[in-house]
Amino acid sequence: MYQWRKFEFFEEKLAGKCAIPEEVSGKIECCSSGRGKVVIGCDDGSVSFLDRSLHFSYGFQAHSSVLFLQQLKQRNFLVTIGDDEQISSQQSRCLKVFDLDRIQPEGTSSTSPDCIGILRIFTNQFPEAKITSFLVLEEAPPILLIAIGLDNGCIYCIKGDIARERITRFKLQVNNVSDKSQCAITGLGFRVDGQALQLFAVTPSSVCLFVLQNQPSRGQTLDQIGGNVNSVAMSDRGELIIGRPEAVYFYEVDGRGPCWAFEGEKKFLGWFRGYLLCIIEDQRSGNHTFNIYDLKNHLIAHSLVVKEVSHLLCEWGNIILIMADKSALCIGEKDMESKLDMLFKKNLYTVAINLVQSQQADAAATAEVLRKYGDHLYSKQDYDEAMAQYIHTIGHLEPSYVIQKFLDAQRIYNLTNYLEKLHEKGLASKDHTTLLLNCYTKLKDVDKLNVFIKSEDGFGEHKFDVETAIRVCRATNYHEHAMYVAKKAGKHEWYLKILLEDLGRYEEALQYISSLEPSQAGVTVKEYGKILIEHKPVETIEILMRLCTEDGESAKRGGVNGAYLTMLPSPVDFLNIFIHHLQSLMVFLEKYTNKVKDSPAQVEIHNTLLELYLSNDLNFPLMSQASNGGEISVTATRRGAGEMSNGKFVADGKDLTQEMDRMERQEKGLRLLKSAWPSDLEHPLYDVDLAIILCEMNDFKEGLLYIYEKMKLYKEVISCYMQAHDHEGLISCCKRLGDSGKGGDPTLWADLLKYFGELGEDCSKEVKEVLTYIERDDILPPIIVLQTLSKNPCLTLSVIKDYIARKLEQESKLIEEDRRSIEKYQEATLTMRKEIQDLRTNARIFQLSKCTACTFTLDLPAVHFMCIHSFHQRCLGDNEKECPVCAPEYRSVLELKTSLEQNSKDQDRFFQQVKSSKDGFSVIAEYFGKGVISKTSNGPTEIWDGIEQTFGFPPLALDNQASLFLLCFP
């Protein structure tokens, strides 16, 4: 043991100058500590309490002489044993329990705690003997277990509540020894292990163990050699410690344990925070040495030569030695930082590491010690051992601190080892992964690279950043490793990127995409579809068809429904991958529309197909069927719609095949325009405006005519024929679309007549045919026809001679009919005026003899009306002001007049009737005839104001009749 290093991990407290105060006047017989105080018992029976500075706090008289005492830890009780003359005339040994929380004053100069229990130790059943040891165990309050060792080998035990005198006594006997001087109990120690309660008993010649649960308890001899008084202690792990001249022994419940060969007579033995305390007397010099042993680290934490020690205590985290001359020594442990600094100065790093680990320092402090040790080894160029220390600091020391030291190529093996450990603990960053993989590649250590790439943690996940590993392996041409990591981690984009961009394995990429979930497959196709469609168009289209339709899933689901269809990807999502391969796009969309009839994106799909079908300058690659499996091979790649030259697009070479392709596409486009606008739908399944623009841009007349006709834009339809100068088609179109009986627009004939009038060439045949339909439906007045046709200098009067003759004859008949109607109305008006004048000027003679209502003979009282109707007054009831027979007719006339007056204020209705009527003048004449419009200033001014707003000329510029005539005949 002489090889153990000595250190000064402890230091003297209280400046090294302390002593037992003078108030403790008697000889110190016993001491105890606990609950922040030191208790001293003297031979004069006094008990004194000292504070942290070993100053006297207070004292009291407990016995006439105090032999043993113990300060309890859980409760503030003091248990003493001493001689007391107050009990009888003779001295008697007794046990007292004092409650130190209950201090009762005794006079003015001293205080005394309350004594809550007094017991006689010796009775008839427990004969008197010399007390050699004393120990108290606190069980569940208020139970105490007191063991009193005697010089005859007996142990008297008292258990119970002493304050209430509810106790039990029992006796334990160590094995009989022939030499009575060797059977005195020199030490006691309780061991509590769960529910088990055991008692160690030490004599000079034996070590025994009693199991107190068993009654009666028999002693089990653990050793045939014992120990002396004050050389017995208990460790904090429940081990019995005995000091003998040759060594210090530790005992467990099953016998002797380890021993430590510390030579010299052990005067005192103690245990403090894992340290063994020994006061050893040197047999040759007689000096007493106080040693503090760190048994875990095999070092002497403190060594000091002291005077003769009478008592050894531990309190306030310090060790207190009370000397025989009443001087005292207080020794405290230094803080961890001071101890480590001391070791670092001596380069004792291993000792420092063991010290912090044995004293359960926090991980950060341990890591700091390891770092310093690693730095020390690194400075000595012991790189392997230095790295071993740095590895232990992972999780506490910044990795960059270590990495920076080992970046030299000669130490790449150490750096690799550190980075591996960093990844094993899951503390590596992306940069660490990059660095480790670069180390592997520089070392060309494929085996370690394989192990690292395929390593997983306990949850089946990689211990490194996946994307970083893929990126580094790919950059260093370890493509198979990168693909393994990508596939294992589900990084489908990376896997396909390597297959397609680095390795060019297109078929394998397609197979991999087919094995993915539909959602993942859709994402990958969007990302890498351009490459796939360029090299494997047919297979790529098949994958897209499986993604966008119910193939592969319909069999599992047992059918297809609209809700599931909406969950599928839309072909529109994949249009960008066909940006340079429009032929493949057209094939894909055609297959999709043939298979799926009610796609949610059918409008967008139809729009795209129309752009493909109707584009004139679309340059398709020549497609040929390969002999092996019908694979489409691209023999010419589309370079664009054209090449820019001097600001104009020049076609790339339109040969006969391309022209045929264009015509075929236009036929498909026309079929799509028709099929996507069923007769039962108001709006088509494509964007009408886009379709019109496409048809106009690409001069697709058939499609444009179809759309205009479906939209009932008949004027636009005939405009197309007019632009093409297709007179025959123009007239045929008007025959079909201008028949009002079939829902057509008769005004088309007027537009057609205007077109021929402005044509500037001889079109007599067409004009005659047009006039036939105008005359049949009475579309235009003759004056308008003359004005329109007069603009064409190539037309002669003979073209319209027959038409004018028929119209004049027809007008003559109408004039004659109107003249007869006028004469009739004038005669009726004259008759009415005469009748009114007669009513105003002449008396009316009533000659009716019967009541008009009841047809009985008329008698008084009777009521006569000017309309020559007479009634009994009783037949009229309360209504005597109007004739019951004529009132309904009169009332209807009034209502009509009121209605006309209201309509006269509704100018919008008036102008609407004028514009929608074939003969607007007849509408105006009707308004004049009904008195709605008048030349007087009191007439309705709203209509005249509306004329100026609608037609742009003020009504005051002409009289009313002339203005309205211009409305009818602009």
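**Entry 1: helix H19**

I began with the packing around helix H19, whose buried residues lie against helix H17 (582-595), helix H18 (602-614), helix H20 (688-697) and helix H21 (701-710). The model I am reading is a predicted one. H19 itself covers residues 656-675, which is 20 residues. From its first C-alpha to its last I find 29 Å, close to the 28 Å expected at 1.5 Å a residue.

I then listed the buried positions of H19: Arg662, Arg665, Gln666, Gly669, Leu670, Leu672 and Leu673. Looking down the axis of H19, I note that its buried residues fall within an arc of 160°, so they line one face of the helix. An α-helix has 3.6 residues a turn, so residues three or four places apart point the same way. On the face of H19 turned away from the buried side I recorded the exposed residues Leu656, Met660 and Ser675.

**Entry 2: helix H10**

I next turned to helix H10, residues 479-489, and asked which of its residues are buried. They are His479, His481, Ala482, Met483, Val485 and Ala486. The cover over the buried residues of H10 includes helix H8 (446-453), helix H9 (466-475), helix H11 (492-503) and helix H12 (506-515). After H10 comes Gly490, and I noted that its phi is positive, near 75°.

**Entry 3: the sheet S12 to S15**

I traced an open sheet of 4 strands, in the order S12-S13-S14-S15, with antiparallel pairing. Strand S12 (131-138) and strand S15 (166-173) stand at the edges with a single partner strand each, so one side of each is left without a neighbour in the sheet. On average, neighbouring strands of this sheet are turned by 15° against each other, direction ignored.

Strand S14 (residues 154-161) pairs with S15 in the antiparallel sense, over 8 bridges. Within that pairing I looked up Asp161, whose bridge partner in S15 is Arg166.

**Entry 4: two single residues**

Is Ile412 buried or exposed? I place Ile412 in helix H6 (residues 412-424). Ile412 has 11% relative accessibility, and because buried means under 20%, Ile412 counts as buried. Setting aside residues up to four places away in sequence, I find that Ile412 touches Cys439, Lys442 and Leu443. I also checked Leu436, which is 24 residues from Ile412 along the chain; the C-alpha atoms of the two are separated by 9.7 Å.

Ser235 counts as buried, because its relative accessibility is 8%. With its neighbours within four places in sequence left aside, Ser235 is in contact with Ile241 and Trp271.

**Entry 5: the chain overall**

The chain has 970 residues, of which 45% count as buried. I took the contacts between residues at least 6 apart in sequence and asked what percentage join residues at least 24 apart. The value is 46%. The accessible surface of the protein chain comes to about 52,400 Å², and 49% of this belongs to carbon and sulfur atoms.

Key
Residues are numbered from 1 along each chain as its sequence is written. This is a predicted model: local features need pLDDT of at least 70, side-chain atom pairs count only at pLDDT 80 or more; totals for chains, interfaces and linings use all residues. Side-chain values use heavy atoms; hydrogens and water are left out. Helices (H or I, at least four residues) and strands (E, at least two) are DSSP runs, numbered from the N terminus. The expected span of a helix is 1.5 Å times one less than its number of residues. Buried means under 20% relative accessible area, exposed over 50%, partly exposed in between (1.4 Å probe, protein chains only). The arc is that of the directions from the helix axis to the C-beta atoms. Contact means heavy atoms within 4.5 Å. Accessible areas come from the Shrake-Rupley method with a 1.4 Å probe; for residues, only the protein chains shown count as cover. Two strands pair if DSSP finds at least two bridges between them. Axes are lines fitted to C-alpha atoms, for helices over the stretch in contact, and angles run from 0 to 180 degrees between N-to-C directions.
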